[in-house]
Amino acid sequence: MNVHSIRCDALMLQTTETPADARVAEILAAARQAFAEKGFDGASMQDLARAAGMSVGNFYRYFPSKAAIVQALIALDLEEMARDFEPVFASDDPIAAMRQQVRVKLVEHQCNHDGALWAEITATALRKPEIGIACGHMETTIADYLMQAFAAATGLSLEQSRARFAAHAALIVLLVKSSAMMPQKDETLRNDLNALILRIIDQTLDEVAASGAKG
């Protein structure tokens, strides 16, 4: 399937939220946009509160620091990732389901322009240990989901999958993350890079599929 044939509006998720959950989601969406526009260091707590349409004092009741906001953004994205992996784990062909999810994610990154935010967070993680820990947890969790899917696809135990495919999972996480952070300016170059990334991921998944319990 061509990655560009998937419609952006097909990526929207239907969720049931309480009013409090909905308000937190609104605040995080506003913070996400402010960070992407002004950078992690450039966006003050006053800027974030203003973006959310709140007083600074009220904003602090939800999030006492920018690090707390980043941790909440990561937790929110991990919840979405857990939902994304549900059809992979339920599939009779987890490798094929993963190929589809990767293509969806690459299109999603192009649609929501979230790469600038994660580039900022990744840079900040090198300077702020609490954010580095949160980012590391996110990458480790996603890699572990991949290794669970590899175990389901190959017939190996989860321990065997982790021993054999840790580098494969880390490579896929790295490539998808890098795709998200690619500059938006040159669309042709971005599309060509995405196609190359997909080929590398497909080759990596082919290697996993070929080295199952018989390997």
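Ile197 has its place in helix α9, where helices (H or I, at least four residues) and strands (E, at least two) are DSSP runs numbered from the N terminus. This is a predicted model, in which local features need pLDDT of at least 70 and side-chain atom pairs count only at pLDDT 80 or more, whereas totals for chains, interfaces and linings use all residues. Residues are numbered from 1 along each chain as its sequence is written, and side-chain values use heavy atoms, with hydrogens and water left out.

## Overall architecture

The chain comprises nine helices and zero strands. From the N terminus on, its elements run α-α-α-α-α-α-α-α-α. Of the 215 residues in the chain, 44% are buried; buried means under 20% relative accessible area, exposed over 50%, and partly exposed in between (1.4 Å probe, protein chains only). Contact means heavy atoms within 4.5 Å. Among contacts between residues at least 6 apart in sequence, 68% join residues at least 24 apart.

Ile197 is buried, its relative accessible area being 9%. With residues up to four places away in sequence not counted, Ile197 touches Leu175, Ser179 and Met182. Ile197 and Val176 are separated by 21 residues in sequence, and their C-alpha atoms are 7.9 Å apart in space.

Ile200 is also placed in helix α9. Ile200 counts as partly exposed, at 28% relative accessibility. Apart from neighbours within four places in sequence, Ile200 is in contact with Leu171 and Leu175.

Thr204 is found in helix α9, which spans residues 187-210. Thr204 counts as buried because its relative accessibility is 9%. The side chain of Thr204 reaches the backbone oxygen of Ile200 at 2.9 Å. A polar contact is a pair of N or O atoms within 3.5 Å; within protein, one must be able to donate a hydrogen and the other to accept it, and residues adjacent in sequence count only if both atoms are side-chain atoms. Residues up to four places away in sequence aside, Thr204 touches His168, Leu171 and Ile172.

On the facing helix, His168 lies in α8. His168 is buried, with a relative accessible area of 15%. Beyond residues up to four places away in sequence, His168 touches Phe150, Thr204, Glu207 and Val208.

## Helix packing

Two packed helices are described by the angle between their axes and the distance between the axes. Axes are lines fitted to C-alpha atoms, for helices over the stretch in contact, and angles run from 0 to 180 degrees between N-to-C directions.

| Helix pair | Angle | Axis distance |
|---|---|---|
| α8 (residues 158-180) and α9 | about 165° | 10 Å |
| α4 (residues 66-90) and α7 | about 5° | 10 Å |
| α6 (residues 115-125) and α7 (residues 129-154) | roughly 120° | within 8 Å |

Angles under 35 degrees count as roughly parallel, over 145 as roughly antiparallel, 65 to 115 as roughly perpendicular and the rest as oblique.

The axes of α8 and α9 are at an angle of about 165°, which makes α8 roughly antiparallel to α9. The crossing of α8 and α9 is left-handed; a crossing is left-handed if the near helix is turned anticlockwise from the far one by less than a right angle, and right-handed if clockwise. Residues making this contact include Phe165, His168 and Val176 of α8, and Arg190, Ile197, Thr204 and Glu207 of α9. The residues of the contact of α8 with α9 divide into 10 nonpolar, four polar and two charged. Ala, Val, Leu, Ile, Met, Phe, Trp, Tyr, Cys and Pro count as nonpolar, Asp, Glu, Lys and Arg as charged, and the others, Gly among them, as polar.

Helix α4 packs with α7 at about 5°, which makes α4 roughly parallel to α7. Among the residues that meet are Ile74, Asp77 and Phe85 in α4, and Glu130, Met138 and Tyr145 in α7. The contact of α4 with α7 divides into 17 nonpolar, four polar and two charged residues.

Helices α6 and α7 cross at roughly 120° and are therefore oblique to each other. The crossing in which α6 passes α7 is left-handed. In this pair, Trp118, Ile121, Thr124 and Ala125 of α6 meet Ile131, Gly132, Cys135 and Met138 of α7. The residues of this contact comprise six nonpolar, two polar and no charged.
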